[in-house]
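Subject: Structure handover

Hello,

Here is the structure for you to look through. My notes follow below it.

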Amino acid sequence: MSNPIKFGTDGWRGLIAADFTFDRLTLVAPLAAHVLANVYGSTTAKRLVIVGYDRRFLSEDFALATAEAVRAAGFDVLLSDGYAPTPAFSWAAKEHNALGALVITASHNPGSYSGLKIKGAFGGSVPPAVTQQVEALLAEGKTVQGTPGKLQTFNPWEGYCKGLETKVDIAAIRQAIQQGKLTVFADVMHGAAAGGLEQLLKTPIRELHSDRDPLFGGGAPEPLPRYLTSFFEHIRAYRQENPAGLAVGLVFDGDSDRIAAVDGQATFLSSQILIPVLIEHLVARRNFSGELVKTISGSDLMPKVAALYNLPVFETPVGYKYIADRMLESQVLLGGEESGGIGYGNHIPERDALLSALYVLEAIVHSGLDLSDLYRKLQERTGFFSSYDRIDLPLASMDVRAKLLNQLQTQPPTEIAGHRVIDCLSVDGYKFRLDDQSWLLIRFSGTEPVLRLYCEAATLEQVHKTLAWAKDWAN
């Protein structure tokens, strides 16, 4: 039996042919358009919905079916004429003054999944209240009828790239590459970022895994070290032959809204490292200002770097839509999450890996330093040195999940891995601050029996010791 259609932190995802089917998609898509019209219809006279897709199995077919179902329900539709990053469709929603966008993507999930993301007229992920309305209409068995609208196609890259080009010193980056001062590698992981940097920079870079592979090489298009072995090897081989000069690797997830990086020595750098570097670059070199918005799983280095520049800090639950909500109501410099989603107050309220990549390149070119050197300087300035890791622990069943949750609610631990608990934050899961200022975050997936464990501590040894304690506790 198919699982109920349920929207998680950013969209509905399901196994193709089991949960994610044409019948179910064409049932939910018109309801999503109907809710978008109810929520954002006052901001535009158009009944226009953007429909886009990534490079997964059957994505263009799912997108066409979505577009036709939405058109038949009484809406005009702009359907993408090819794959593009999810942020490009969020940009298109705002650029075309549409009600929003429906994007066929399962983001970083393995190739057996597809999914649907709902974007609002403002150019970002809709808040939970909107997806809850869609789920409620599904439960009621409601259908949407109307006079069929128009269906046209468009190139989403054109307006999106023009928008990004205005935000970054493209000329300086291009010149550094063409003069051989900077070598840029990109692992697009067979996803929707393919060709994106070259379109923007208008100069060749060293892009890997550009071909369409719906099985993603047998892994998942997620910017994590375990999927990047060949990328690391490629950069190491280059560095052996070219020991001088700056080099950087940029890693994009399947729909190009999340990013990671690799320094010139092939060391992996997550957004826990990139976000502090970007804060410093945007404030010190670009003279930007505004609030730092971080999720509770973000590194403690982020607020420490913000404090160097007297920036206010706002913390949210995990999920970029919470950051987007804050970006709509406050002047934000940058909003970011530990899983690689980073967005900017001078852009749409949406995480955008290509814009983040451009800012990373700009930081390297303007500073003349390797990414890891930029990071180390921030550690030295703040006096804060730490390590971080995260693991996802499958649970036997949702019943086990319920028992663990009840234990956290009624008998939370007072000591973890030999350290006393001094504080507990429960806005999203349970974040335990320990007496050595390390922290452990225990969160549950909302849609599957999975426990997510996050830890930051002074050393990697302490991180692994704390995560091992959490695994033993869960088991």
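F268 touches P223, L224, P225, L228, F232, A260 and A261, not counting residues up to four places away in sequence. Contact here means heavy atoms within 4.5 Å. F268 itself is found in strand 11 (residues 268–269). Helices (H or I, at least four residues) and strands (E, at least two) are DSSP runs, numbered from the N terminus. F268 and Y430 are 162 residues apart along the chain, and their C-alpha atoms are separated by 28 Å.

Before you read on: this is a predicted model, so to speak of local features pLDDT of at least 70 is needed, side-chain atom pairs count only at pLDDT 80 or more, and totals for chains, interfaces and linings use all residues. Residues are numbered from 1 along each chain as its sequence is written, and side-chain values use heavy atoms, with hydrogens and water left out.

**Cores**

The largest nonpolar core has 72 residues. Such a core is a set of buried Ala, Val, Leu, Ile, Met, Phe, Trp, Tyr and Cys residues joined through side-chain atoms within 4.5 Å. Buried means under 20% relative accessible area, exposed over 50%, and partly exposed in between (1.4 Å probe, protein chains only). L197, L250, F252, L334 and L371 have the most contacts inside this core. Helix 12 (residues 353–367) gives the most to it, with 10 residues. Another core, of 39 residues, lies apart from it; F20, A67, A73 and L137 are among its members. In soluble globular proteins, nonpolar side chains tend to be buried together.

What does F252 contact, leaving aside its neighbours within four places in sequence? The list is A186, D187, V188, M189, A193, L197, R258, A353, L354 and A357.

**Two buried polar residues**

T183 is found in strand 7 (residues 182–187). It is buried, with a relative accessible area of 12%. Its side chain makes a polar contact with the side chain of Y238, at 2.7 Å. A polar contact is a pair of N or O atoms within 3.5 Å; within protein, one must be able to donate a hydrogen and the other to accept it, and residues adjacent in sequence count only if both atoms are side-chain atoms. Beyond four places in sequence, T183 touches R206, Y238, L246, A247 and V248.

D10 lies in the segment before strand 1 (12–15). Its relative accessible area is 7%, so D10 is buried. The D10 side chain makes a polar contact with the side chain of S125 (3.2 Å). Residues that D10 touches, not counting those up to four places away, include K117, K119, D257 and R351.

**Rings and charges**

There are 10 aromatic pairs. Rings of Phe, Tyr and Trp (its six-membered ring) pair if their centres lie within 6.5 Å; planes under 30 degrees apart count as stacked, over 60 as edge-to-face and the rest as tilted. Y388 and W439 form a tilted pair, 6.3 Å centre to centre with 50 degrees between the planes. Y388 lies in strand 16 (residues 387–394) and W439 in strand 20 (residues 439–444), so the pair ties together parts that are 51 residues apart in sequence. W439 is buried, at 0% relative accessibility.

The charged end of K431 sits over the ring of W439, 4.4 Å from its centre. That term requires NZ of Lys or CZ of Arg within 6 Å of the ring centre and within 35 degrees of the ring normal. R47 lies over the face of F75, at 4.1 Å from the ring centre. W12, F20, F22 and F62 form one aromatic cluster.

**Hairpins and positive phi**

Strand 17 (residues 415–416) and strand 18 (residues 419–425) pair in the antiparallel sense over two bridges. Strands pair if DSSP finds at least two bridges between them. E415 stands opposite R420. This hairpin has two residues between the strands, and A417 takes a positive phi near 50 degrees.

Strand 18 is also joined to strand 19, antiparallel, by four bridges. L425 has K431 as its bridge partner in strand 19. Four residues lie between these strands, and G429 takes a positive phi near 75 degrees.

N97 is not a glycine, yet has a positive phi of about 55 degrees. N97 sits in the loop between helix 3 (86–95) and strand 4 (100–104).

Best wishes
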